[in-house]
Amino acid sequence: MLSSKITLKIKGTGIKNILGYENSYVCFNKAYFPKEVYINGELQNEVKYSYNFNQTINFVELIWNNNINNCDHMFRRCSDIIEFDFSNFNTSEVTTMWRMFSDCSSLTSLNLSNFDTSKVRDMRAMFYGCSSLTSLNLSNFDTSQVTYMWSMFYGCSLLTSLNLSNFDTSQLQWIHNMFEDCRHLEYINLLNFNEIKLSRH
């Protein structure tokens with residue numbers, strides 16, 4: 001099986017999270033931790049939620065040798081990450097991305113161009129609080145199985161436009177607060193949004 005890799009940049013020195021915070025009541029499960037972590041080209045002795053960084057900008061590689069199916073809270077509250085590249089990360093078996101990038105408040109660049117979301121059912125609060133993102137390209141997203149999108153873009157206060165014209169909303173039930181506090185959002189393309197049957201539960 002080919003390895004899967006995520007590359008990211010973290011700003012600043014000191015202790016910084018590279019994975020969803022450890023003390024969360026629900027956090028990125030250790031069962032899905034990467035096999036290897038490289039920081040500024042150096043292989044780390046163990047995989048942890050956080051590391052002590054010593055450069056102004058730090059380059060991190062997370063490497064898996066297996067497919068994962070759960071990305072819940074994967075990078076939640078990783079508030080010092082400024083850039084992600086998922087172009088070599090296999091998401092073909094992932095079924096949930098709940099709060100995957102929630103509160104990544106310094107994130108300015110996010111490459112999801114190769115994301116396979118064909119099996120994803122849950123995108124709740126996926127980009128919640130990503131308050132430094134100015135653009136987001138989701139044109140390749142397959143949302144045909146997604147039921148939950150509530151608060152998906154909540155607090156993305158610097159986004160100016162969002163093209164969701166390829167979103168398939170045929171299974172969608174929950175969209176509450178989807179665009180709440182997107183205060184600079186001037187344009188949303190919802191051309192192909194179907195009539196949504198909202199759940200009452």
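Me: In the hairpin of E3 and E4, which residue takes a positive phi, and how many residues sit between the strands?

Reply: This is a predicted model, and in it asparagine 40 takes a positive phi near 50 degrees, within a hairpin that has 2 residues between strands E3 and E4.

Me: How many bridges join E3 to E4, and do they run parallel or antiparallel?

Reply: Strand E3, residues 36-39, is joined to E4 by 2 bridges, and the two strands run antiparallel. Isoleucine 39 has glutamate 42 as its bridge partner in E4, while tyrosine 38 is partnered there by leucine 43.

Me: And what about E3 and E6, how many bridges there?

Reply: E3 and E6 are joined by 4 bridges and run antiparallel, and valine 37 has leucine 62 as its bridge partner in E6.

Me: Which residues of E3 are on the covered face and which on the uncovered one?

Reply: Val37 and Ile39 make up the covered face of E3, whereas Glu36 and Tyr38 make up the uncovered one.

Me: Zooming out, what is the strand order in the open sheet, and which strands are at the edges?

Reply: The open sheet is formed by 6 strands in the order E4-E3-E6-E1-E7-E8, with mixed pairing. Its edge strands are E4 (42-43) and E8 (109-111), each of which pairs on one side only.

Me: Switching to the inside, which residues touch the most other members of the largest nonpolar core?

Reply: That core has 55 residues, and the ones touching the most other members are Phe75, Phe84, Phe86, Phe101, Phe127 and Phe153. The elements giving two or more residues to this core are strands E1 (4-11), E3, E5 (50-53), E6 (57-64) and E7 (81-88).

Me: How many aromatic pairs are there, and why is the pair of phenylalanine 75 and phenylalanine 86 put in its class?

Reply: A search of the whole structure finds 16 aromatic pairs. For phenylalanine 75 and phenylalanine 86, the ring centres are 6.1 Å apart and the planes stand at 80 degrees, so this pair is edge-to-face. Phenylalanine 75 lies in the loop between E6 and E7 and phenylalanine 86 lies in strand E7, so their pair ties together parts that are 11 residues apart in sequence.

Me: Are those two buried or exposed?

Reply: Phenylalanine 75 is buried, with a relative accessible area of 0%, and phenylalanine 86 also counts as buried, at 1% relative accessibility.

Me: What about the rings of phenylalanine 101 and phenylalanine 127, how far apart are their centres?

Reply: Their centres are 5.7 Å apart and their planes are at 10 degrees, so the pair is stacked. Phenylalanine 101 is in the loop between E7 and E8 and phenylalanine 127 is in the loop between E8 and strand E9 (161-163), so this pair ties together parts that are 26 residues apart in sequence. Both phenylalanine 101 and phenylalanine 127 are buried.

Me: Last one, where is asparagine 17, and what does it touch?

Reply: Asparagine 17 lies in strand E2, residues 14-17, and a polar atom of its side chain lies 3.3 Å from the backbone oxygen of leucine 19. Leaving out residues up to four places away in sequence, asparagine 17 touches Ile10, Tyr49, Ser50, Cys78 and Ile81.

Technical notes. Residues numbered from 1 in each chain as written. Predicted model: local features only at pLDDT ≥ 70, side-chain atom pairs only at ≥ 80, totals over all residues. Heavy atoms only, no water. Polar contact = N/O pair within 3.5 Å; in protein donor to acceptor, adjacent residues only side chain to side chain. Contact = heavy atoms within 4.5 Å. Pairing = 2+ DSSP bridges. Core = buried A, V, L, I, M, F, W, Y, C linked by side-chain atoms within 4.5 Å. Buried < 20%, exposed > 50% of the residue type's maximum accessible area, 1.4 Å probe, protein only. Phe/Tyr/Trp six-rings, centres within 6.5 Å; stacked < 30°, edge-to-face > 60°.
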